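Thank you all for coming. Please take a moment to look at the model on the screen, and then I will walk through a few parts of it.

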Amino acid sequence: MAQHKNNTLYLVANWKMNPTTYKQAESLAQKTVHGIGGGAQDTIFDSRINVVICPPFPYVSIVSDVSKDVDVGAQNCFYEDAGAYTGEVSSRMLKSMGCSYCIVGHSERRAMGETNGMVNKKVLALLQEGMRPIIAVGEHTRKADNGTVMVDPMIKRQITDALAGVNERQAKRVIIAYEPVWAIGTGQSADPDDILTVRIFIQKTLHTLYGQAGIAIPILYGGSTDSNNAVVLLKNTGMRGLLVGGASVKEDAKEFIAMYATIQQELL
Ligand code: PGA
């Protein structure tokens with residue numbers, strides 16, 4: 001894991017199933033790292049922002065080779081260490097390739113059949129390897145009463161199920177990503193007031209599970225984030241960072257770099 005002291009924020013790029021070729025992935029990784037480093041030959045990273053790039057499996061080593069200053073994550077893993085599981089990739093394999101983070105329970109994977117129980121097994125496997133699971137949770141539709149958001153109790157279930165059997169010491173390595181499904185890839189991000197409400201709800205859930213250690217677990221927001229809304233979504237919501245999908249692969253990483261720059265300039 002890259003050395004980040006006193007880190008305050010996480011900027012996580014979820015490339016999803018992009019870009020199309022190995023060469024393009026090489027170029028995207030280089031441009032992202034170069035842009036974040038301010039274009040200097042010896043890139044200087046801001047230790048207050050942890051940049052994590054989560055490429056598709058075949059591109060993991062590209063990202064870890066490009067720079068030691070960004071952390072590499074995967075978008076999924078399997079919970080067994082080895083064996084007859086055609087097509088699966090274990091957390092141990094990912095660790096050995098330089099991954100220190102892994103997204104689990106992303107709504108796009110839940111839509112393909114990933115259950116809370118599977119998320120839990122993956123979280124335990126990742127923690128076993130010393131990796132950091134980024135557990136994605138979020139409601140399908142926004143429900144409100146007189147304009148005030150009603151937090152979907154499903155979120156509590158997603159969190160408690162995902163963390164079953166995770167002790168307080170291990171919980172220190174967990175990250176939660178609140179990603180309302182209706183906000184993902186739609187161009188319609190959640191309202192900062194709603195994000196604040198849900199953040200408090202998630203934090204209470206984590207406090208019930210782990211006390212003070214639960215309060216310290218970073219909670220990120222994801223869903224149609226870009227350089228225009230990055231600061232607004234973080235500023236008064238208490239969120240510790242963003243999980244960025246579409247904007248992380250847009251225009252040769254220009255949008256992602258702009259997000260990094262605006263957070264650095266306007267928030268820190
Ligand atoms: P989006 O995706 O930024 O394209 O909405 C976020 C995510 O799915 O992690």
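Predicted model: local features only at pLDDT ≥ 70, side-chain atom pairs only at ≥ 80, totals over all residues.

Let me begin with a question: where is the place of Gln 75? Gln 75 sits in the loop between strand S3 (71-74) and helix H3 (91-96), where helices (H or I, at least four residues) and strands (E, at least two) are DSSP runs, numbered from the N terminus.

Residues are numbered from 1 along each chain as its sequence is written, and side-chain values use heavy atoms, with hydrogens and water left out.

Is Gln 75 buried or exposed? Gln 75 counts as buried because its relative accessibility is 19%, and by the cut-offs used here buried means under 20% relative accessible area, exposed over 50%, and partly exposed in between, with a 1.4 Å probe and protein chains only. A polar atom of the Gln 75 side chain lies 2.9 Å from the backbone oxygen of Cys 54, and the side chain of Gln 75 also reaches the backbone oxygen of Pro 55, at 3.4 Å. Here a polar contact is a pair of N or O atoms within 3.5 Å; within protein, one must be able to donate a hydrogen and the other to accept it, and residues adjacent in sequence count only if both atoms are side-chain atoms. Leaving aside neighbours within four places in sequence, Gln 75 is in contact (heavy atoms within 4.5 Å) with residues including Asn 14, Trp 15, Lys 16 and Arg 109.

Lys 16 belongs to the loop between S1 and H1, and its phi is positive, about 50°, although Lys 16 is not a glycine. Pro 19 is found in the loop between strand S1 (9-14) and H1, and the peptide bond from Asn 18 to Pro 19 is cis, with omega near -15°.

A polar backbone atom of Gly 245 is 2.9 Å from an oxygen atom of the ligand.

Let us turn to helix H1. Helix H1 (residues 22-36) has 15 residues and reaches 21 Å from its first C-alpha to its last, close to the 21 Å expected, a span defined as 1.5 Å times one less than the number of residues. The buried residues of H1 are Ala 25, Leu 28, Ala 29, Thr 32, Val 33 and Ile 36. Seen down the axis of H1, these buried residues fall within an arc of 120°, so they line one face of the helix; the arc is that of the directions from the helix axis to the C-beta atoms. They pack against strand S2 (49-54), helix H2 (60-66) and helix H11 (254-266).

Finally, H1 is followed by Gly 38, whose phi is positive, near 80°. Gly 38 is exposed, with a relative accessible area of 64%, and its C-alpha atom is separated by 9.0 Å from that of Ala 261, 223 residues apart along the chain.
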